[in-house]
Amino acid sequence: MEGVGERPVRPPRGALAELDAPASTAELAHRTGPSPAGVSPCLTALRGADLVGVHRAGRSVLCARASAAESLLAAASP
C-alpha cells in the first residue's frame, strides 16, 4: 500500500476484517494493536483506495468498510 509522503503505510493486521461494524480510529487501534496514531495513516490510505468510508456520529468519526472492501474480503475467503 502506498504511503503518505515518502513513508510506506503498513495496514494493521486485520484492519479491514475488524471493520465489520463501524469503528473510530481509537477503537480500531484497540482491536488491532497499534496506537491510534499508527492506525490513522493506514485508514487514510484505505480511504484513498476507496476501501473505507467515514461518517460522523455525534462527536465521533466512524470508519466502515466500503463495498469494494467487502468484495475483496469475500474473494479472499476460502
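What share of the contacts between residues at least 6 apart in sequence joins residues at least 24 apart in the protein chain? Some notes on that and on Arg65 follow.

1. To start with the contacts: 40% of those between residues at least 6 apart in the protein chain link residues at least 24 apart. Bear in mind that this is a predicted model.

2. On the overall layout, the protein chain has four helices and two strands. Reading from the N terminus, you go through them in the order α-α-α-β-β-α.

3. Now the surface. The protein chain is 78 residues long, and 28% of them count as buried.

4. Arg65 is the residue I'd look at next. You'll find Arg65 in strand S2, which covers residues 60-65. Is Arg65 buried or exposed? Arg65 counts as buried because its relative accessible area is 18%, and the cut-off for buried is under 20%.

5. What does the side chain of Arg65 pair with? Another is a side chain: Arg65 makes a side-chain to side-chain polar contact with Glu70, at 2.9 Å.

6. Both of those partners turn up again in the wider contact list. Setting aside neighbours within four places in sequence, Arg65 touches Leu16, Ala17, Leu19 and Asp20, plus Leu51, Glu70 and Leu73.

Note on methods
Residues numbered from 1 in each chain as written. Predicted model: local features only at pLDDT ≥ 70, side-chain atom pairs only at ≥ 80, totals over all residues. Heavy atoms only, no water. Buried < 20%, exposed > 50% of the residue type's maximum accessible area, 1.4 Å probe, protein only. Contact = heavy atoms within 4.5 Å. Polar contact = N/O pair within 3.5 Å; in protein donor to acceptor, adjacent residues only side chain to side chain.
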